[in-house]
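I opened the notebook to look up charged pairs first, then a few loops and strands. My notes follow in the order I checked them.

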Amino acid sequence: MPTATTVKMLKVKSLEHQFVGTIPEVLDLGVLYVSMEFGTVTHLCCCGCGEEVVTPLTPTDWKLTYDGETISIWPSVGNWNLPCRSHYVIRGSKVVEAGSWSDKRISAERARDKAAKAVFYGTPDDDTVRGTSLPAPQPTDQTRPPSLGGLIRWLKDRLF
């Protein structure tokens with residue numbers, strides 16, 4: 001596994017956004033593709049390595065803010081599974097380098113993320129938090145929301 005010292009400097013300093021129904025097969029560097037229908041944002045890694053980066057928009061993953069002109073994504077994009085291990089924040093369509101993380105910090109964040117999903121989606125017991133994968137929700141066609149907004153309303157109706 002690469003170490004934090006292998007992180008490259010970012011080549012892309014800003015991103016243009018395109019709202020799309022589906023993510024195109026060929027991505028352009030410097031373009032953030034946003035599919036609200038599938039609750040997904042995809043782009044080529046901002047270090048310039050050419051790897052595809054997918055950020056799911058869910059209550060326990062990333063959040064997207066669109067102010068009519070620019071896009072922000074929070075939390076940071078940490079590409080820990082890519083050879084480049086780039087790490088950045090997208091704020092106001094600008095790419096801000098966020099610095100490298102140690103393997104220990106990455107492991108801690110993965111554990112926190114897994115625990116957050118377990119709490120949000122509910123688990124039959126504590127095994128999910130200790131390391132068992134959480135099953136993905138399987139809505140039926142009758143309950144499947146048509147959009148990200150629909151997904152949020154659907155989840156709120158069932159959780160609150």
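**Ground rules.** I am working from a predicted model, where local features need pLDDT of at least 70, side-chain atom pairs count only at pLDDT 80 or more, and totals for chains, interfaces and linings use all residues. Residues are numbered from 1 along each chain as its sequence is written, and side-chain values use heavy atoms, with hydrogens and water left out.

**Entry 1: Arg85 and Asp103.** I started with Arg85, which forms a salt bridge with Asp103; the closest N and O atoms are 3.0 Å apart. For the term I used a side-chain nitrogen of Lys or Arg within 4 Å of a carboxyl oxygen of Asp or Glu. Arg85 lies in the loop between strand E6 (71–78) and strand E7 (87–91) and Asp103 in helix H1, so the pair ties together parts that are 18 residues apart in sequence. I took helices (H or I, at least four residues) and strands (E, at least two) as DSSP runs, numbered from the N terminus. Asp103 is partly exposed at 37%. My cut-offs were under 20% relative accessible area for buried, over 50% for exposed and partly exposed in between, with a 1.4 Å probe and protein chains only.

**Entry 2: the other salt bridges.** I found that the structure holds 4 salt bridges. One of them joins the side chains of Asp61 and Lys117, at 2.6 Å from N to O. Asp61 sits in the loop between strand E4 (52–56) and strand E5 (63–66), and Lys117 sits in helix H1 (residues 103–121), so this pair ties together parts 56 residues apart in sequence. Both Asp61 and Lys117 are buried.

I then looked up Asp113, which also forms a salt bridge with Lys117; here the closest N and O atoms are 3.2 Å apart. These two are 4 residues apart in helix H1, so about one helical turn separates them. Asp113 counts as partly exposed at 22% relative accessibility, while Lys117 counts as buried at 19%. Through shared partners, salt bridges join Asp61, Asp113 and Lys117 into one network.

**Entry 3: Thr58.** I moved to Thr58, in the loop between E4 and E5. At 17% relative accessibility, Thr58 counts as buried. What does its side chain do? The Thr58 side chain makes a polar contact with the side chain of Asp61 at 2.7 Å. That term needs a pair of N or O atoms within 3.5 Å; within protein, one must be able to donate a hydrogen and the other to accept it, and residues adjacent in sequence count only if both atoms are side-chain atoms. Not counting residues up to four places away in sequence, Thr58 touches Lys63 and Tyr121. Contact here means heavy atoms within 4.5 Å.

**Entry 4: Cys46.** I found Cys46 in the loop between strand E3 (40–44) and E4. Cys46 counts as buried, at 0% relative accessibility. Cys46 and Val12 are 34 residues apart in sequence, yet 4.8 Å apart in space, C-alpha to C-alpha. Leaving aside neighbours within four places in sequence, Cys46 has contacts that include Leu10, Leu15 and Tyr88.

**Entry 5: strand E7.** I noted that 4 of the 5 residues of E7 are buried, so E7 is largely enclosed by the rest of the structure. E6 and E7 pair in the antiparallel sense over 3 bridges; pairing requires DSSP to find at least two bridges between the strands. The bridge partner of Ile73 is Ile90 in E7. E7 and strand E8 (residues 94–97) run antiparallel, joined by 4 bridges. Val89 stands opposite Val96 in E8.
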